[in-house]
Amino acid sequence: MNLELALRMCEAAVRQAAREGALVSVAVVDAGGHLVAFQRMDGARITGPVLAPGKAYTAVAHRMATADLAPLVLPGGELYGLAGDRYVCFGGGVPLGEPGDGRGMGEVAGAVGVSGGTVSQDVACAEAAAALWEGA
């Protein structure tokens, strides 16, 4: 992960948000969950600067998309009680890395987190940003 790519990923997410009619905040983190780039669209919700980096951090920490993590933190789920502090367990966080061996993702180089739209809009924006990683 580097700053140039992270900024391009933020821009891709913002372009997708404009197509979706959403106002979002976008965060890109490195493999350690440290913020590399952040953008907040004019008029985006005040929660975005907390939730977008949280989604990215959560995706790195668990090496999985936060949309896939969401059902696991519900009552009765394997990870019930996990949400809180820096963990944001609903859609919009996508890890960036190598495909795994069938037991999960391989090496994780970072993640993108998006917040401000509906969950499906956040996911679409994060996936648009992640597509740049896959093409890099």
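These legends describe close-up views of a predicted model. Local features need pLDDT of at least 70, side-chain atom pairs count only at pLDDT 80 or more, and totals for chains, interfaces and linings use all residues. Residues are numbered from 1 along each chain as its sequence is written, and side-chain values use heavy atoms, without hydrogens and water.

**View A. Helix 2 covers residues 48–62.** Helices (H or I, at least four residues) and strands (E, at least two) are DSSP runs, numbered from the N terminus. The expected span is 1.5 Å times one less than the number of residues. For the 15 residues of helix 2 that gives 21 Å, and the end C-alpha atoms are 21 Å apart, which agrees. Arginine 63 follows helix 2, with a positive phi near 50°.

**View B. Helix 2 has buried residues.** Buried means under 20% relative accessible area, exposed over 50%, partly exposed in between (1.4 Å probe, protein chains only). Gly48, Pro53 and Tyr57 are among the buried ones. The buried residues pack against elements including strand 1 (25–30) and helix 4 (119–135).

**View C. Aspartate 122 and lysine 55 form a salt bridge.** The term means a side-chain nitrogen of Lys or Arg within 4 Å of a carboxyl oxygen of Asp or Glu. Here the N to O distance is 2.9 Å. Aspartate 122 lies in helix 4 and lysine 55 in helix 2, so the pair ties together parts 67 residues apart in sequence. Both residues are buried. A search of the whole structure finds one salt bridge.

**View D. Valine 24 touches residues including Ala17, Val114 and Asp122.** Contact means heavy atoms within 4.5 Å. Residues up to four places away in sequence are not counted.
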